[in-house]
Amino acid sequence: MKNFNTNLLFLFLIGFFASCTTNKQIDLIVYNAKVYTVDSAFSIVEAFAVNNGVIVELGDGQDLLNKYDAKDKIDAQGKFIYPGFYDAHAHFFMLAEAMDEVSLLGSTSFDEVIARIQDYKTKNPDKKWIIGNGWDQNLWETKDFPTRDSLDKYFPETPIYLTRVDYHAALVNGKALEKAGLDSAYLVDGGLISINEEGIPDGILVDNAMQLVKNHIPKQQNSALLKILRRAQDSLLSVGLTSIVDAGLTKDQIESLKIFYNEDSLAIRDYAMVMATPESIKEFLRSGTYESDKLTVRSFKLMADGALGSRGACLLHPYHDSPTQGFLLQHPEEFDKTIKRLANSNFQVNTHAIGDSANRIILDTYGKYLKDNQERRWRIEHAQIIAPGDFDKFKQFHIIPSVQPTHATSDMYWAEDRIGPYRIKGAYAYKKLLDEYGLLALGSDFPVEHFNPLYGFHAAVARVDSKGYPEGGFQMENAISREQALRGMTIWAAYSCFQEKKRGSIEKGKDADFIILEEDIMAADVAKLRNIKTLRTVIAGESVFIRNAG
C-alpha cells in the first residue's frame with residue numbers, strides 16, 4: 001500500500017511539473033500590434049492567439065507567447081489590425097466578368113467609348129461578342145443617352161452589349177438586336193426599349209428590357225468562370241476584404257459556387273442572395289437554406305426599381321429634369337405576393353430600392369408582414385432617396401438600411417439635377433438612417449463602384465470624392481464617425497447576414513478573419529485614407545494575401 005501511494009505521488013508530481021513547463025500547442029500568435037477588436041466596447045488590445053481558424057485568447061503579447069507554443073507567429077511591428085472587412089453589398093460575378101470586358105469607366109465622350117472598343121477589338125480579334133461596362137453619359141458634354149448609330153457604323157458584324165455604369169441600362173448595336181430578334185419596340189414591364197423617330201429600337205435598353213439581349217450572350221464554362229472569379233478574388237483580398245454579400249445570383253451561379261467552395265477553390269467568404277424569380281423562389285424554398293464554412297445561401301433579393309442615373313428609379317413625383325417618374329420593375333401586387341410567401345419561410349428578404357416611391361412601397365409591404373415586432377433582419381439595399389415621413393419605418397419595422405457611401409460622392413455632381421433641392425435632403429442620408437435604425441450595413445456595390453472598402457470608409461466620414469471635392473463635404477449632416485463606419489463594414493455588416501456571433505469582430509470564439517494595415521484609419525489624416533495599403537489579409541487563421549515589400 002505504501003509503494004502504491006508513493007508511485008501515485010510520483011506520477012502526480014510528474015504531471016504537475018509537465019503542466020507548468022509545457023505550453024499548449026496552437027496555430028498562430030499575432031503580437032506587437034494595435035488591434036481594434038470592434039467588440040461592443042470598441043476595445044484595443046496588443047495581441048491574440050488563434051487555433052483551428054478560431055481566436056482563442058486576446059491580451060498582452062508576451063503573456064500569450066509565454067502561455068502558448070505557436071506553429072506560426074506574426075510580429076505586426078506596431079502596425080494596425082482590424083477585423084476582416086465585410087462588403088455588405090457587392091457583385092462578385094459581375095466584377096469578375098467586368099475584368100474581362102472593355103472598360104468604359106471614366107470615358108468623357110462617346111467618341112472615347114468608340115475608340116476604346118476599337119482598341120479592345122484589335123487586341124481580342126476572336127471575341128464573338130464585345131461586352132463592355134461603365135459608360136456614363138453624365139460625364140459627357142452632351143448628357144443625352146447615346147444611340148446605336150456609331151456602333152453600327154464601326155462594328156456592323158460583331159454584336160455589342162455595353163452596360164451603363166449603374167448596370168441598369170445597356171447600349172447595344174444592330175447585330176446584337178438581330179441576335180435577339182428585336183427588330184421592333186414593344187412594352188416591357190419594368191423596362192424600356194428606346195426607339196428613334198421611325199419607331200425602330202435605337203439601342204438603349206433600360207432595366208428589364210436589358211435581359212432581352214443579355215439572354216443571348218454565350219455563357220462561360222465552369223473552368224473559365226473559376227479562373228476569372230479567382231482573379232477578382234485576388235483583387236478583393238488585396239484590399240482587406242474577407243467576406244462579401246453577393247447581391248443577386250442565379251441558380252446556376254450558386255450551384256457553381258457550391259462546387260468551387262466544396263473543392264476549396266475559393267477563399268473569400270460569400271453570403272449569396274438568390275435573385276428572386278418565380279422559378280428560383282420555388283426551387284430554393286423547396287431545397288431550403290444552405291450554409292458551409294464559407295458559403296451561405298439564406299436570402300432572396302428583389303428588385304423594386306432601377307437607378308437614378310438612368311432615370312429608372314421610381315419617384316413619388318416627376319424627376320426635376322424630366323417628366324418621367326421612373327418605374328417599378330414589378331407591380332406592387334406582385335411584390336406583396338412574393339414578400340408574403342417569403343415571410344412564411346426561413347429566408348431573409350432584401351430589396352433593391354432607390355427612389356422614394358419604391359422605398360415607400362417596400363417599407364410598407366415589409367411592415368405588413370413583419371408582425372408582432374419581429375426582427376427578421378430584412379434589408380433595403382441602397383435606401384437611396386427616402387421621403388421625410390418614411391425614415392421612421394426602418395425602426396418601426398426593424399428594417400436594416402444597407403447603403404453604399406461612395407454612391408453619394410459619385411452621384412453628387414448630378415443628383416440634385418435629377419431630384420431637385422428639396423428631395424436631395426432625403427437622399428444618401430446615412431446618418432439619419434443610422435439614427436433611426438441604430439446600425440448601417442456598409443458596402444460598395446462593386447463593380448458599380450470601386451471594390452476598395454477604404455473608398456467607402458473615406459466617403460462615409462468625409463463625404464468627399466477622391467479629389468477632395470467638395471470642400472467641406474457633401475451634405476455633412478449625414479456624415480458618420482470613423483467608429484460607426486468601421487462597425488458598418490465589419491460587425492454591422494456581419495449582423496445584417498446573421499453572422500455577428502462568428503465574425504465581424506476580433507473576439508474569443510470567432511473566426512480568425514483579420515487584416516493588417518500600414519496606417520491607422522482611425523487616426524490618419526482624412527486625405528490619406530483612400531491610399532492606405534493592406535499589408536496582410538487572413539481568413540480562418542490562414543494568410544491569403546501578403547503585400548510584397550516595396
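This is a predicted model: local features need pLDDT of at least 70, side-chain atom pairs count only at pLDDT 80 or more; totals for chains, interfaces and linings use all residues.

Reader: Where are the cis peptide bonds that join Phe 446 to Pro 447 and Tyr 469 to Pro 470?

Author: Here too the general rule applies that most peptide bonds are trans. The bond between Phe 446 and Pro 447 is cis, with omega about 5°, and Pro 447 lies in the loop between strand 22 and helix 17 (453-462). Tyr 469 and Pro 470 are likewise joined by a cis bond, with omega near -5°. Pro 470 sits in the loop between helix 17 and helix 18 (482-488).

Reader: Next, strands. Which residues point one way from strand 21, and which the other way?

Author: In a regular strand the side chains alternate between the two faces of the sheet. In strand 21 (residues 400-403), Ile 400 and Ser 402 point one way, while Pro 401 and Val 403 point the other way. All of these residues are buried.

Reader: How many bridges join strand 20 to strand 21, and how many join strand 21 to strand 22?

Author: Strand 20 (residues 379-382) and strand 21 run parallel and are joined by three bridges. Arg 379 stands opposite Ile 400 in strand 21. Strand 21 and strand 22 (residues 441-442) also run parallel, joined by two bridges. There, Ala 441 in strand 22 is the bridge partner of Ser 402.

Reader: How is the packing of helix 8 and helix 9 to be read, and at what angle do they pack?

Author: Two packed helices are described by the angle between their axes and the distance between the axes. Helix 8 (residues 222-237) packs against helix 9 (residues 251-262) at an angle of about 75°, and their axes are 11 Å apart. The two helices are therefore roughly perpendicular to each other, because angles from 65 to 115 degrees are classed in that way.

Reader: Which residues of helix 8 meet which residues of helix 9?

Author: From helix 8, Asn 222, Leu 225, Leu 226 and Leu 229 meet Ser 256, Leu 257, Ile 259 and Phe 260 in helix 9. By class, this contact has six nonpolar, two polar and no charged residues.

Reader: Let us close with charged pairs. How many salt bridges does the count come to?

Author: The criterion is a side-chain nitrogen of Lys or Arg within 4 Å of a carboxyl oxygen of Asp or Glu. By this rule, the count comes to 31 salt bridges. One of them joins the side chains of Lys 127 and Asp 100, at 3.6 Å from N to O. Lys 127 lies in the loop between helix 4 (110-123) and strand 10 (130-135), and Asp 100 in the loop between helix 3 (92-98) and strand 9 (102-103), so the pair ties together parts that are 27 residues apart in sequence. Lys 127 is partly exposed, with a relative accessible area of 32%, and Asp 100 is partly exposed at 30%.

Reader: What separates Glu 112 and Arg 116 in helix 4?

Author: Glu 112 and Arg 116 are four residues apart in helix 4, which means that about one helical turn separates them. Their closest N and O atoms are 2.7 Å apart in a salt bridge. Glu 112 is partly exposed at 25%, and Arg 116 is partly exposed at 23%.

Reader: Which residues are linked in a network of salt bridges?

Author: The network links Arg 269, Asp 293, Arg 503, Asp 511 and Asp 513.

Definitions and conventions. Residues are numbered from 1 along each chain as its sequence is written. Side-chain values use heavy atoms; hydrogens and water are left out. Axes are lines fitted to C-alpha atoms, for helices over the stretch in contact, and angles run from 0 to 180 degrees between N-to-C directions. Angles under 35 degrees count as roughly parallel, over 145 as roughly antiparallel, 65 to 115 as roughly perpendicular and the rest as oblique. Contact means heavy atoms within 4.5 Å. Ala, Val, Leu, Ile, Met, Phe, Trp, Tyr, Cys and Pro count as nonpolar, Asp, Glu, Lys and Arg as charged, and the others, Gly among them, as polar. Buried means under 20% relative accessible area, exposed over 50%, partly exposed in between (1.4 Å probe, protein chains only). Two strands pair if DSSP finds at least two bridges between them.
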